[in-house]
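Q: Please take a close look at the pockets of this protein, and describe with care what lines them.

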Amino acid sequence: MKTVLLCVGKTKDSLMSEGISLYTKRVQRYMPFDVVALPDVKTTKGMTEARQKETEGAAILNFIDNRDFVVLLDERGKEMTSREFSSFIEKKSVTVAGNLIFVIGGPYGFSKEVYDRADDKLSLSKMTFNHEMVRLFFAEQVYRAMTILRGEPYHHD
């Protein structure tokens, strides 16, 4: 099983890119982990939010296989502690037939079709963060989960 963080659009902030790259490399020492950025949807004046979500949703669904377990990073998702998240990843690593895919949507969220396909939803916080920060925070949490599972001293309760 591979774990994938699937995002809409590139990370433009160099500091964020550097941090995401740092944690991605750290996680890859423990398990296969990739951050995949789908191309931004080129918006026009006539494009509605709904149409943008549909276009982004089609790209997201095109990436996903039927055997994958899909978790949307969504403000309405359940919240977990770092230890609960590490247990979640551990359980999925032995039960998921395909890949474990976490998805960060575009600026307006997800289309109905993406919500319908999702197996679960996870919220990183009740606060709202920009998408680049969420990528960094999520990559760090995956690394933290791996160190918790290995009993390494990175995480402190």
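A: In this predicted model, the lining of the largest pocket divides into 11 nonpolar, seven polar and four charged residues, where Ala, Val, Leu, Ile, Met, Phe, Trp, Tyr, Cys and Pro count as nonpolar, Asp, Glu, Lys and Arg as charged, and the others, Gly among them, as polar. A pocket here is an open set of points on a 1 Å grid over the protein atoms alone, where a 1.4 Å probe fits, with protein on both sides within 12 Å along at least five of seven lines, and a lining residue has an atom within 4 Å of a point. The largest pocket is lined by 22 residues, and those nearest its centre are Leu73, Asp74, Glu75, Phe129 and His131. Two elements, strand 3 (69-78) and helix 5 (131-149), each give two or more residues to this lining, and strand 3 gives the most, with four; helices (H or I, at least four residues) and strands (E, at least two) are DSSP runs, numbered from the N terminus. The space in the largest pocket is about 450 Å³, a volume being the space filled by probe spheres set on the points, which are joined across faces, edges and corners.

The second largest pocket holds about 200 Å³ of space. Among its 13 lining residues, Met80, Ser123, Leu124, Ser125 and Gln141 are the closest to its centre. Helix 3 (82-95) and helix 5 are the elements that give two or more residues to this lining, with helix 5 giving the most, three. By class, this second lining has seven nonpolar, five polar and one charged residues.

Residues are numbered from 1 along each chain as its sequence is written. Totals for linings use all residues of the predicted model, whereas local features need pLDDT of at least 70 and side-chain atom pairs count only at pLDDT 80 or more.

Methods: Heavy atoms only, no water.
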